[in-house]
Amino acid sequence: MATRIIHLPKYSRLSCLVKPLTISARTFATATASTNPPQFTTLSVDDRTGIATLTLNRPPANALNALFMGEIQRSITDLEKENCRGLILTSSSQRIFSAGLDLKECYKADVASLEGLWCALQNLWRTLFSTPLITVALINGHAIAGGCMLAVSSEYRIMLPNFKIGVNETMVGLAVPSWLMDTYINIMPSRRIAEWDLTSSRIYSSESALKAGLVDELASSKEEALQKSAAFIDSFSKRTLMARAITKQQFRAEILRNFEQNRQHDLDIYLSTMQKPSMQEFLGEYLQSLDAKK
Ligand SMILES: CCCCC/C=C\CCCC/C=C/C(=O)SCCNC(=O)CCNC(=O)[C@H](O)C(C)(C)COP(=O)(O)OP(=O)(O)OC[C@H]1O[C@@H](n2cnc3c(N)ncnc32)[C@H](O)[C@@H]1OP(=O)(O)O
């Protein structure tokens with residue numbers, strides 16, 4: 001898929017003006033440092049509004065592998081440099097926003113691949129969560145685990161009806177990483193409900209997610225959701241963009257600092273968990289259960 005970036009001279013470059021957060025000295029391994037053209041995303045920018053739409057397009061489930069996550073991350077950093085104002089993240093599928101990490105790539109994978117996958121997830125989360133862009137997740141399908149992570153890392157969530165959203169890690173005997181926990185708490189109206197959701201692997205319907213405050217609005221069609229997404233971005237005046245971006249950054253700074261301090265530990269936990277024979281056995285059965293639905 002071709003990437004189309006239109007230069008937007010009307011808007012000031014937020015990335016130049018917002019002071020970057022300190023990034024730890026260590027460079028973490030990533031399979032994302034590629035300059036290949038995008039394969040799994042399409043990016044369009046409306047030069048009239050300054051709004052970019054990044055469409056996830058890795059059929060059948062938008063499962064997140066290292067290459068795909070690297071593409072999403074690079075698109076966000078490119079948009080920051082391209083004088084863009086807001087970003088809408090959505091899916092080309094009519095059924096699945098994202099099914100989370102690519103579990104097929106977690107199964108019987110070697111350590112280097114597991115490390116590449118997890119570092120790509122960490123890097124993508126960090127970039128999306130900390131971007132000065134105004135971010136909206138247009139959730140036009142199921143958003144499970146890493147898919148829900150994309151949604152809750154954005155600033156605003158608009159969901160289509162009759163889909164599922166949530167973080168199901170503990171169901172499979174895994175702890176939710178602290179950065180994902182903090183991200184979830186950051187958007188839920190109550191810390192108590194957030195704790196309850198994440199400890200019980202609660203998966204919401206679109207309608208119950210709206211009631212709980214996990215999503216902000218429902219829309220009956222993708223077209224309506226696009227209009228509502230643009231309206232959210234437009235609700236911030238051009239004059240206040242910089243102050244807005246700095247304020248967003250201040251709200252998120254502590255979560256980002258904690259993440260940087262625990263980044264290696266977080267990776268170590270993932271690697272040791274995924275290499276356990278019991279985990280791999282479970283993963284094999286889980287993947288079979290997905291296939292057995294057919
Ligand atoms: C379980 C191990 C977790 C390890 C995590 C470690 C630490 C926690 C850290 C937290 C960070 C994030 C972690 C994750 O994201 S883990 C991923 C968890 N995701 C899921 O459990 C979702 C599983 N999928 C589903 O529940 C459903 O597929 C659905 C998304 C609700 C969609 O349902 P439906 O519309 O009925 O579609 P299908 O089930 O038929 O699926 C269509 C095809 O997509 C393939 N698929 C689905 N999910 C994944 C996946 N996560 N990875 C790879 N492939 C996936 C599915 O096999 C079908 O493929 P096929 O058509 O070729 O058979």
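A polar contact is a pair of N or O atoms within 3.5 Å. I note this first, and also that the model is predicted.

**Entry 1**

I looked for polar contacts between the ligand and the protein. At Leu103, a polar backbone atom is 3.0 Å from a nitrogen atom of the ligand. At Lys104, an N or O atom of the side chain is 3.1 Å from an oxygen atom of the ligand. At Tyr286, a polar side-chain atom and an oxygen atom of the ligand are 2.5 Å apart. On its own the ligand has 1200 Å² of accessible area, and the protein covers 87% of that.

**Entry 2: the shell around the ligand**

How many residues surround the ligand? I found 29. The closest are Arg95, Leu101, Tyr286, Lys293 and Lys294. I sorted the shell by class and wrote down 18 nonpolar, four polar and seven charged residues.

Which element gives the largest share of the shell? It is α11, with five residues. I also listed the elements that each supply at least two residues of the shell: α3, α4, β6 and α11.

**Entry 3: the largest pocket**

Rolling a probe the size of a water molecule over the atoms shows where empty space is left. I looked up the largest pocket and noted a volume of about 1500 Å³. It is lined by 50 residues, and the closest to its centre are Ala99, Leu101, Leu103, Tyr286 and Leu290. Several elements give two or more residues to this lining, among them β4 (96-98), α5 (146-153), α6 (178-187) and α10 (241-275). By class, I recorded 31 nonpolar, nine polar and 10 charged residues in the lining.

Which space does the ligand take? I checked, and the space is the largest pocket. Two names now stand in both of my lists of closest residues: Leu101 and Tyr286 are among the closest to the ligand, and Leu101 and Tyr286 are among the closest to the pocket centre.

**Entry 4: backbone exceptions**

Most residues other than glycine have a negative phi, and most peptide bonds are trans. I looked for exceptions and wrote down two.

Where is the cis bond? The peptide bond from Pro59 to Pro60 is cis, and its omega is near 5°. I placed Pro60 in the loop between β2 (51-56) and α2 (66-81).

I found Lys108 in the loop between α3 and α4. Both of these helices also supply residues to the shell around the ligand.

How values were computed. Residues numbered from 1 in each chain as written. Predicted model: local features only at pLDDT ≥ 70, side-chain atom pairs only at ≥ 80, totals over all residues. Heavy atoms only, no water. 1 Å grid on protein atoms, 1.4 Å probe; cavity = no way out; pocket = protein on both sides within 12 Å on 5 of 7 lines; lining within 4 Å. Points joined across faces, edges and corners; volume = space filled by probe spheres on them. Helix = DSSP H or I, 4+ residues; strand = E, 2+ residues; numbered from the N terminus. Nonpolar A, V, L, I, M, F, W, Y, C, P; charged D, E, K, R; others polar. Near = heavy atom within 4 Å. Polar contact = N/O pair within 3.5 Å; in protein donor to acceptor, adjacent residues only side chain to side chain. Areas by Shrake-Rupley, 256 points an atom, 1.4 Å probe, with all protein chains shown as cover. Sits in = over half its atoms within 2 Å of the grid points.
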